[in-house]
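Dear colleague,

I am handing over the structure below, and after it you will find a short account of what was found there.

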Amino acid sequence: MTPLQSALAGQYFAALQMLGQTIEECPDDVWLSGVNPRLYWRIVYHTLYYTDLYLHACPDEFSPWPDHDPQVPPLWNPPQDLPPYSKDQLASYCADVRKRVQPRIEALDLDESDCRFPYYKGLSRLDHQLVNLRHLSGHVGQLSEILMGHGIDTAWIGKRAR
């Protein structure tokens, strides 16, 4: 693994560990709260789904999580009344994504000039990975702020624990 790959993987691990905290520390009433479609649990799922997707070389290589419900629309689509994923389900998904980070990062050619995701046309592979980390971290911050508003503080994790 190159130093760049190691740095990227380390930041993914740290951000996913922080996301895991926002799942574990979330009270049940907050888990189901929010203004639909931006319910807390849906933000968590959206974050995991796209982090997982963008760790792949292209959309065709991606297979959704086995519990994926295609009826759960992206956060920007109109809300639907759907049964929520449980904290245990999404904690497990988060752990699964964490396990795939290192092999996925090692498999990516970070020197590619095109990330091969059509809606990010012209974005290099490395830029796309940085966008993915920014997306993941942005939602971790959003979820952390929601928890702070309920008196729950999560820990900052700056790097992968060795």
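Which residue forms a salt bridge with Arg125, and how far apart are the closest N and O atoms? The partner is Glu112, with the closest N and O atoms 3.1 Å apart, a salt bridge being a side-chain nitrogen of Lys or Arg within 4 Å of a carboxyl oxygen of Asp or Glu. This pair links distant parts of the chain, since Arg125 lies in helix 5 and Glu112 in the loop between helix 4 and helix 5, 13 residues apart; helices here are DSSP runs of H or I with at least four residues, numbered from the N terminus.

Please bear in mind that this is a predicted model, in which local features need pLDDT of at least 70 and side-chain atom pairs count only at pLDDT 80 or more, while totals for chains, interfaces and linings use all residues. Residues are numbered from 1 along each chain as its sequence is written, and side-chain values use heavy atoms, with hydrogens and water left out.

Arg125 is buried, with a relative accessible area of 0%, whereas Glu112 is partly exposed at 21% (buried means under 20% relative accessible area, exposed over 50%, partly exposed in between, with a 1.4 Å probe and protein chains only).

Elsewhere, Asp28 forms a salt bridge with Lys87, the closest N and O atoms being 3.7 Å apart. Asp28 lies in helix 2 and Lys87 in helix 4, so the pair ties together parts that are 59 residues apart in sequence.

Best wishes

How values were computed: Helices (H or I, at least four residues) and strands (E, at least two) are DSSP runs, numbered from the N terminus.
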